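Please study the sequence and the model before reading each solution.

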Amino acid sequence: MSIRDSMRAYPLRWIAAAAIVLVLLVALAGVLVVRSLLQPQRFTALLQSQLANSGLVLSVDKPASPALWPHPAVQLQGFRLSVAGASTPLLSASEARIVVPWRALLHRELAVERLEIETPRIDVEQLRTLLSRMPHGAGAPTLPRIGAGLRIVNGMLVRGDQPLLFDVNAETGPLMPGTPFHLDASARNGADRGGTLSLRMLPQHRDGTLRFENIDLQMRVEQGAQAHLAGDASWAGGDALAANLRGGFTLPARGSPVAVASTPAPASSAAVPAPARSYTVALRIRPAQGSGPTTAALQLEGEGKHVDMSVQPAALPGWWSKVLGSAPEAALAAPPVTGSAQLDTLDVGSLHMRGVRIEAGPQVLPASAASANVPAEAASSGD
């Protein structure tokens, strides 16, 4: 049978075959067009420029290559992210992807949607170096403008060669004034105990002040504490830091489940877990005014506990240095804390205390060895 006869005998088969060929040709043409639009060096340079605003240097081992599946992206091999001037990378991975939005690609615009990094190694010491280079002096602060989000999958947090956290997963949105920012992260420690963190806020930059509005912070540890705080914060440079956060946290019930009866019972009703312990929390940071330092005040209420204390964060390093350098027989220096705490019970490891009351302030001084009470036997020995 000739081709013409076959087309007359089976017209639907030929129409379907022609449609399939047409779709394949269109798809091939689309791939070629997208590859021509996706010039890797342009997007790599854009990302490098955005990261440089935060004091970070991006480097790769091989030239970037285009990728089309599952979305347009630029593939990076031998990816490293370093603090400017540092020899050890802050973050290193065998590969990463710069995801490009379709709209920007079709309109020939330079835009990066997010940076995806798989199995990275993150050095906490380099992260500390980056934070230490943030401006601390007087003057109007600025917010780094990073228009791309970040996604980390199955990473590891290390200090030098020592691993600290495993299975680190994190995702953020762009960091731009006036744009809602989000951070979702999770990780596990060496004991295979995991935790999660979620942060939502709206950064603003007005009148030389960074404002963080609509803060919503949630933290959770598996079979452990949970916390939820909400509020606002601002920073005008130097010590001009202010914050007002309120919320609560929950601790797991102490001890083992409580039996409801002394006689054996079915497994389904043998024990009832003790209730978790919930507390309300208010955290307020007051900026330095005149000669007064920055002060952080904490209020806590719940289940036989009342805490109302203030601390001077800038004075804590000096106090701790005095504690470490003091002689064993010397009285401990009073911490830069004022306020009071009343605790029905206090558990510190295997130590259990009841009816604890704490008063702290300049007028409350630790007793010195010379002022300690003399035992009755020693007091009467001279008679």
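**Exercise 1: The surroundings of S310**

S310 touches R286, T295, A296, A297, P336, V337 and T338, leaving aside residues up to four places away in sequence; contact means heavy atoms within 4.5 Å. The model is predicted: local features need pLDDT of at least 70, side-chain atom pairs count only at pLDDT 80 or more, and totals for chains, interfaces and linings use all residues. Residues are numbered from 1 along each chain as its sequence is written, and side-chain values use heavy atoms, without hydrogens and water.

Task: Determine in which strand S310 is found, and whether S310 is buried or exposed.

Solution. Step one: S310 belongs to strand 18, residues 305–311; strands (E, at least two residues) and helices (H or I, at least four) are DSSP runs numbered from the N terminus. Step two: the relative accessibility of S310 is 15%. Step three: buried means under 20% relative accessible area, exposed over 50%, and partly exposed in between, with a 1.4 Å probe and protein chains only. S310 therefore counts as buried.

**Exercise 2: The surroundings of T209**

Task: State the strand of T209 and the residues that T209 touches.

Solution. Step one: T209 lies in strand 11, residues 209–221. Step two: beyond residues up to four places away in sequence, T209 touches Q204, S234, W235 and A236. Step three: T209 has a relative accessible area of 12% and is therefore buried.

**Exercise 3: The whole chain**

Task: Find how many helices and strands the protein chain has, and what share of residues is buried.

Solution. Step one: the protein chain has seven helices and 20 strands. Step two: of its 383 residues, 27% are buried.
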